[in-house]
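Thanks for coming, everyone. I'll walk through one structure today, strand by strand and then inside and out. Here it is.

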Amino acid sequence: MAQVLARLSSCALALATALTLTAAPARADVGVGLFVGEPTGLDVKLGLSRRTALDLLFGAYSRWDNLNDGAYAHATYLVTPMMSRGRSVLVPLRLGVGVALFDDAGRFDDDLHVAARFPLELALVFRKTPIELYGELALKITVIDPGPDHPTVDLDGGLGLRFYF
């Protein structure tokens, strides 16, 4: 499992670097952090505009029925339709659409599953420090499943922390 996470982390860093160099958003808005829950992994959020972003997560998920860890990755396009503003904190509500790839064996080979995902994210973005705390709940609809071992419709979720550069 440690080898899988190490490989995924190096892939995440390379992908985030490539996307950051080619995307050139109007303002520097790159957040890197950790998401804990279902799944758990390294999270990279790339600001595309004032109200849109690309969220990438590379990590692992566990199937609660047998406690095996599998490899997991997702790419999600996020839109911020609402934002509350306080003196020291911003509270954005984000909606998204994306794709998730996961594999029970952790190798992204013959047991590869593909799902559409639709997250709802609520965050606390601190104005004076480059930190964001967020929670996410995502509807996941598996569209490719090589075996009947996963539910077609599932919920994922957890808590995350991002540091912005």
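**Strands, cores and a surface patch**

Before going on, a word on what we are looking at. This is a predicted model, where local features need pLDDT of at least 70 and side-chain atom pairs count only at pLDDT 80 or more, while totals for chains, interfaces and linings use all residues. Residues are numbered from 1 along each chain as its sequence is written, and side-chain values use heavy atoms, with hydrogens and water left out.

Now the overall layout. The protein has 1 helix and 8 strands. Those are DSSP runs, numbered from the N terminus: helices are H or I with at least four residues, strands are E with at least two. In order from the N terminus, the elements read α-β-β-β-β-β-β-β-β.

Strand β1 covers residues 30-38 and strand β2 covers residues 40-47. They run antiparallel, joined by 6 bridges. Two strands count as paired if DSSP finds at least two bridges between them. The hairpin from β1 to β2 passes through 1 residue.

β1 has another partner. Strand β8, residues 153-164, is antiparallel to β1, with 8 bridges. Leucine 34 turns up again here, opposite leucine 161 in β8. Glutamate 38 stands opposite glycine 157 in β8. And β8 also pairs with β7, antiparallel, over 11 bridges. In that pairing, leucine 139 stands opposite leucine 155.

Next, the inside. How much of the protein is buried? Of its 165 residues, 42% count as buried. Buried means under 20% relative accessible area, exposed means over 50%, and partly exposed is in between, using a 1.4 Å probe and protein chains only.

In soluble globular proteins, nonpolar side chains tend to be buried together. Let's see the cores here. A nonpolar core is a set of buried Ala, Val, Leu, Ile, Met, Phe, Trp, Tyr and Cys residues joined through side-chain atoms within 4.5 Å. The largest one has 11 residues, including Phe35, Leu57, Tyr72, Phe102 and Val125. At least two residues each come from β3 (52-63), β5 (89-103) and β6 (112-126). Apart from this core lies another, of 6 residues, among them Val44, Leu56, Phe58 and Ala73.

Tyrosine 72 sits in strand β4. Why does tyrosine 72 count as buried? Because its relative accessible area is 0%. Its C-alpha is 4.3 Å from that of phenylalanine 102, 30 residues apart in sequence. Then valine 125. Leaving aside neighbours within four places in sequence, valine 125 is in contact (heavy atoms within 4.5 Å) with residues including Leu90, Pro92, Arg94 and Ile131.

The accessible surface is about 8800 Å², and 69% of it belongs to carbon and sulfur atoms. Areas come from the Shrake-Rupley method with a 1.4 Å probe; for residues, only the protein chains shown count as cover. One nonpolar surface patch comes to about 760 Å², with Leu48, Tyr77, Leu139, Val153 and Leu155 among its members. For such a patch, residues need over 30% relative accessible area and no salt bridge, with nonpolar side chains (Val, Leu, Ile, Met, Phe, Trp, Tyr) joined within 5 Å. A salt bridge puts a side-chain nitrogen of Lys or Arg within 4 Å of a carboxyl oxygen of Asp or Glu. β4 (68-85), β7 (131-144) and β8 each give two or more residues to the patch. Valine 153, in strand β8, counts as exposed because its relative accessible area is 53%.

Terms used
Patches are made of residues with over 30% relative accessible area and no salt bridge: like charges are joined within 9 Å, nonpolar side chains (Val, Leu, Ile, Met, Phe, Trp, Tyr) within 5 Å.
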